[in-house]
Amino acid sequence: MSVSVDKLPPHNQEAEEAVIGSLLIGGDMSHLTLEPTDFWDDSLSVFFQACQSLVAQGANIDSVTVADVLSRSDKLATVGGAARMSNLISNTPT
């Protein structure tokens, strides 16, 4: 039996988006044991890193503070901008 090299590794885009969306809504990372490398979607990894940065600074996590961190590091546009953040928030089940 041969294995196709064209297969994607297991991942769940909706679950990853829900994690970031919930952080943007609730801002609490204390219960998470994730690392940026746990995200299959590189842009979501960048969002997660921004959230980690805010926690390290003792700042609150929300869409405004995350957007500011990403903007200052010139990464906001590369992850989809404010529109992507809004989409992540609005598509997150509560």
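**Buried residues, salt bridges and a helix crossing**

Me: What makes Ser45 count as buried?

Reply: Ser45 has 9% relative accessibility, so it belongs in the buried class (under 20% relative accessible area is buried, over 50% exposed, in between partly exposed; 1.4 Å probe, protein chains only). This is a predicted model, in which local features need pLDDT of at least 70 and side-chain atom pairs pLDDT 80 or more, while totals for chains, interfaces and linings use all residues. Residues are numbered from 1 along each chain as its sequence is written, and side-chain values use heavy atoms, leaving out hydrogens and water.

Me: What surrounds Ser45, leaving aside residues up to four places away in sequence?

Reply: Ser45 touches Pro36, Thr37 and Phe39, where contact means heavy atoms within 4.5 Å. Its side chain also reaches the backbone oxygen of Pro36, at 2.9 Å. Ser45 itself sits in helix α2.

Me: How many helices and strands does the protein chain have?

Reply: The count is four helices and zero strands, giving the order α-α-α-α from the N terminus. Both are DSSP runs, numbered from the N terminus: H or I of at least four residues for helices, E of at least two for strands.

Me: Why is the pair Glu17 and Arg84 called a salt bridge?

Reply: The closest N and O atoms of Glu17 and Arg84 are 3.9 Å apart. The cut-off is a Lys or Arg side-chain nitrogen within 4 Å of an Asp or Glu carboxyl oxygen, so the pair at 3.9 Å qualifies. Glu17 lies in helix α1 (residues 13-26) and Arg84 in helix α4 (residues 81-90), so the bridge links distant parts of the chain, 67 residues apart.

Me: What makes α2 roughly perpendicular to α4?

Reply: The axes of α2 and α4 cross at roughly 85° and come within 13 Å. The pair therefore counts as roughly perpendicular, the class for 65 to 115 degrees (under 35 is roughly parallel, over 145 roughly antiparallel, the rest oblique). The axes are lines fitted to C-alpha atoms over the stretch in contact, with angles from 0 to 180 degrees between N-to-C directions.

Me: Which residues meet where α2 touches α4?

Reply: Ser43, Leu44 and Phe47 in α2 meet Arg84, Met85 and Leu88 in α4.

Me: What share of the protein chain is buried?

Reply: Buried residues make up 33% of the 94 residues. The C-alpha atoms fill a box of roughly 50 × 30 × 25 Å along the principal axes. Of the contacts between residues at least 6 apart in sequence, 54% join residues at least 24 apart.

Conventions. Polar contact = N/O pair within 3.5 Å; in protein donor to acceptor, adjacent residues only side chain to side chain.
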